[in-house]
Amino acid sequence: MTVASSKRNGKAVYGWTNILTDLYNERMSLVKILDGIRVLDWTILQQGSICSSLLGDLGADVIKIEEPVTGDMGRYFDNFFGIKSTLPLGSTYYFEICNRNKRGMTLNLKEEQGRKIFCRLVESCDVLVQNFRVGVAEKLGLDYDTLKKINPRLIYTHATGMGTEGPEAHMPLIDPGALARSGLMWSVGEEGEEEPLPVQGALCDQSGAIFAAYGTLAALLAREKTGRGQKVTSSLLGGIIGLNWINTAIAGWSGRDLPRCDHTHPSSPLSNQYRCKDGQWIMMGAYLEKYFKPFYRASGHPEILNDERFSIPEARSQHMEELVAYTEQIFLEKPLEEWIKILKKEDIICEPIRHTSELLTDQQAFQNGYLTHYHHPRFGQDIVEIGSPVQFSEADVDIQRPAPMLSEHTEEILAEMGYSKEEIVQFRRGKII
């Protein structure tokens with residue numbers, strides 16, 4: 001339905017036609033940051049695949065290379081801890097999440113003809129991303145030293161397990177191993193717990209991917225200055241060490257681990273989590289001294305301010321367990337939403353402790369583009385997708401296409417490269433594609 005402008009009380013009323021036209025013109029005026037950049041994605045699973053997907057979000061033309069018939073093994077990850085993730089047409093949640101904004105083609109790199117096609121693709125690409133073990137690319141003759149002779153401007157990003165140097169560089173590593181080695185499993189959890197705790201969600205893969213994309217963008221910028229490409233390396237281990245920045249840096253300075261969180265002895269009673277009357281939890285982030293008096297007044301318990309045990313920070317630290325126990329009882333007086341209203345009215349930092357699934361209704365996340373509603377063209381349904389954590393005033397960052405079906409764009413890409421229909425038929429008969 002079109003709503004036109006009209007006049008009301010002598011004034012023009014701005015109709016839907018005008019609004020939609022303005023939105024369209026604004027969108028069309030926004031640039032794609034990596035428009036014109038072509039990325040060759042030779043990856044499997046998550047770290048490398050997410051890296052190239054992030055570049056695709058910024059507008060790069062990403063071409064994903066998979067093995068004929070089987071494809072990326074991520075296509076078959078159809079069960080996450082009891083959550084069935086199979087999708088129609090042979091896809092999975094995992095593959096869709098890791099491979100949006102890409103075109104897909106199959107190529108048999110074990111055959112010489114397949115490698116020739118790959119090298120011809122490299123000639124026209126700005127970036128190559130791969131995440132195979134150290135030595136795999138060398139065996140196939142697809143390593144950086146070989147490919148830079150074909151394309152000296154190539155940015156060759158290798159996302160590894162533990163880096164490309166050192167005695168264990170050639171060893172396999174996946175997310176849980178990097179998580180264990182990084183020290184993070186001893187950082188999460190409560191003080192006094194005797195067991196390390198894992199973190200769900202492949203955090204090491206994700207941090208490795210982000211740092212790989214960061215390095216790739218930096219190398220592209222350097223190429224603008226020098227005209228030369230270069231090799232970029234990142235890893236699961238390096239990514240999670242970088243993500244766990246403060247803990248690792250303090251250990252480097254002091255030689256000691258930061259202690260785990262201790263609910264009974266926090267640095268401040270207002271930097272702690274508490275259960276509310278309805279059984280839900282609130283996280284307080286009001287650790288600065290300026291919040292102490294306003295909180296206890298707003299909570300209806302100003303008597304604490306006159307208690308000698310809690311009147312000054314030095315005294316509080318000596319009686320922290322008592323103050324926490326007192327504060328626990330305060331929070332049990334009201335349900336979570338009531339506390340949120342009371343405390344936010346006073347500008348006291350606090351947030352409800354939510355489950356990840358509750359993000360699906362978080363308007364703050366949607367308004368800023370961190371989550372987005374996406375109509376999947378293949379499945380014909382609206383889904384909630386991860387948006388971009390970074391927004392730009394003069395550029396567009398969005399989901400332009402879903403993850404490709406296996407070999408979906410093979411013939412299209414080969415035709416763009418100049419191969420004839422007859423040659424493509426021969427490639428298929430020879431199991432090259």
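Which residues line the largest cavity? I started there, keeping in mind that this is a predicted model, in which local features need pLDDT of at least 70, side-chain atom pairs count only at pLDDT 80 or more, and totals for chains, interfaces and linings use all residues. Residues are numbered from 1 along each chain as its sequence is written, and side-chain values use heavy atoms, with hydrogens and water left out.

**Cavity**

I found that Arg75, Pro88, Leu89, Ser91, Glu96, Arg378, Phe379, Pro404 and Met405 line the largest cavity. A cavity here is a set of points, on a 1 Å grid over the protein atoms alone, where a 1.4 Å probe fits but cannot get out, and lining residues have an atom within 4 Å of a point. The search of the whole structure gave one cavity of 30 Å³ or more, and the largest cavity holds about 30 Å³ of space, a volume being the space filled by probe spheres set on the points, which are joined across faces, edges and corners. I sorted the lining by class and noted five nonpolar, one polar and three charged residues, where Ala, Val, Leu, Ile, Met, Phe, Trp, Tyr, Cys and Pro count as nonpolar, Asp, Glu, Lys and Arg as charged, and the others, Gly among them, as polar.

**Whole protein**

I noted 17 helices and 17 strands in the protein, these being DSSP runs numbered from the N terminus (helices H or I, at least four residues; strands E, at least two). Of the 433 residues, 41% are buried, meaning under 20% relative accessible area with a 1.4 Å probe and protein chains only.

**Cysteines**

How many disulfides does the count come to? I got zero, taking a disulfide as a pair of cysteine sulfur atoms within 2.5 Å. The sulfur of Cys276 has its closest cysteine sulfur in Cys350, 9.3 Å away, which is too far for a bond. Cys276 counts as buried at 1% relative accessibility, and Cys350 counts as buried at 2%.

Why did I mark helix α2 (residues 47-57) as largely enclosed by the rest of the structure? I did so because ten of its eleven residues are buried, among them Gln47, Ile50, Cys51 and Leu55. Just after α2, I saw that Gly59 takes a positive phi of about 105°.

My last entry concerns Asn151, in the loop between α6 and β11 (155-160), which is buried with a relative accessible area of 8%. Not counting residues up to four places away in sequence, Asn151 touches Val122, Glu123 and Cys125. I also noted that the C-alpha atoms of Asn151 and Ile63, 88 residues apart along the chain, are separated by 17 Å.

Note on methods
On a 1 Å grid over the protein atoms alone, a cavity is a set of points where a 1.4 Å probe fits but cannot get out, and a pocket is an open set with protein on both sides within 12 Å along at least five of seven lines; lining residues have an atom within 4 Å of a point. Buried means under 20% relative accessible area, exposed over 50%, partly exposed in between (1.4 Å probe, protein chains only). Contact means heavy atoms within 4.5 Å.
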